[in-house]
Amino acid sequence: MILILQLLLALSLSLRADGYNHYTVKDCITSSSDLSDLEYINTYYFNKDPYIQFNSTVGEFVGFTEFGVNNAERWNKGPEVQQERAELERYCKHNLPIYYSTILDKAVKPKIRLTSEKQASQGHPALLMCSAYGFYPPAIDVYWLRDGEKVTSDVVSTEEMADGNWYYQIHSHLEYTPTSGEKISCVVEHASSKKPIIVDWGGSFPDSDRDKIFIGASGFVLGIILSTAGFLYYKKKSPGQIRESSADIDPSGVLMSD
Ligand SMILES: *[C@@H]1O[C@H](CO)[C@@H](O)[C@H](O)[C@H]1NC(C)=O
């Protein structure tokens, strides 16, 4: 996975919805954390239209419109270009390690649960849900594979939802008609993991549910054995004897109020 980290700084002179918008976007682009291929780009926009750009690899301003070309010519002779050439060191190299350590390294892996929401029945497809819980940052990709192929239809996903504690959750539903021998998987891509996290659908129950059913069933059987043993022991100790209940509470008792 190539990581492109871009820092955008919008210096807006007018932010009114019905006004004009002049801003610059500063990108610090790198594909590795040692910043060896770092590039600094500063683009000036007026109402979405870029008209002049400084690119640290080029080393000077380039204009995209007549106005931009005129200004690029002027700025490339003046102090403006000197200042921009220092920005790779001053702005990108200084800030990127801070962003790495305060944002990127804080990534928390999602816990993933694959559940069956609805079994398939005559004419109705089954519904699977893939949920990712407790991840940070919110940017995430959740998608489905059917025999290794990405599923493009019958998928509905929620947005990333904030839990209110810096963690997020997301849910993706897949409607499908099961055919025997096919493999369905949920794939999650997130900053916390360099490789995509793949969870395979294991038939009717995912592993965790199967474990819970096993534990529950074992407890149920053990309960029956113990209560049967207890009952037999009780029958043996008191043959034919029926205990009287000794509830001798005075029915006219008056409760004290608090
Ligand atoms: C910056 O300029 C270099 C050299 O022309 C080019 O390879 C690179 O794609 C440019 N970067 C951007 C973001 O336009």
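## About the model

The model is predicted, so local features need pLDDT of at least 70 and side-chain atom pairs count only at pLDDT 80 or more, while totals for chains, interfaces and linings use all residues. Residues are numbered from 1 along each chain as its sequence is written, and side-chain values use heavy atoms, with hydrogens and water left out.

## The protein as a whole

You will find four helices and 13 strands here; helices (H or I, at least four residues) and strands (E, at least two) are DSSP runs, numbered from the N terminus. Of the 258 residues, 29% count as buried, where buried means under 20% relative accessible area, exposed over 50%, and partly exposed in between (1.4 Å probe, protein chains only).

Among contacts (heavy atoms within 4.5 Å) with a separation of 6 or more, 48% come from residues 24 or more positions apart.

## Around the ligand

Glu 39, Ile 41, Asn 55, Thr 57 and Val 58 surround the ligand, each having a heavy atom within 4 Å of it. By class, this shell holds two nonpolar, two polar and one charged residues. Here Ala, Val, Leu, Ile, Met, Phe, Trp, Tyr, Cys and Pro count as nonpolar, Asp, Glu, Lys and Arg as charged, and the others, Gly among them, as polar.

Two side chains are worth a look. An N or O atom in the side chain of Glu 39 is 3.0 Å from a nitrogen atom of the ligand. In the side chain of Asn 55, an N or O atom is 2.3 Å from an oxygen atom of the ligand.

## Helix H3

Helix H3 covers residues 87-102, and its 16 residues should span 22 Å at 1.5 Å a residue; the end C-alpha atoms are 21 Å apart, which agrees. The expected span is 1.5 Å times one less than the number of residues.

Its buried residues are Glu 87, Leu 88, Tyr 91, Cys 92, Asn 95, Leu 96 and Tyr 100. They pack against strand S1 (22-29), strand S2 (39-46) and helix H2 (79-85).

## Ser 172

Ser 172 belongs to strand S11 (residues 168-176) and is buried, with a relative accessible area of 1%. Leaving aside residues up to four places away in sequence, Ser 172 touches Leu 128, Met 129, Cys 130, Val 142, Trp 144, Val 155, Val 156 and Ser 157.

One of these, Met 129, is 43 residues from Ser 172 in sequence, yet their C-alpha atoms are 5.6 Å apart in space. With another, Trp 144, the side chain of Ser 172 makes a side-chain polar contact at 2.9 Å. A polar contact is a pair of N or O atoms within 3.5 Å; within protein, one must be able to donate a hydrogen and the other to accept it, and residues adjacent in sequence count only if both atoms are side-chain atoms.
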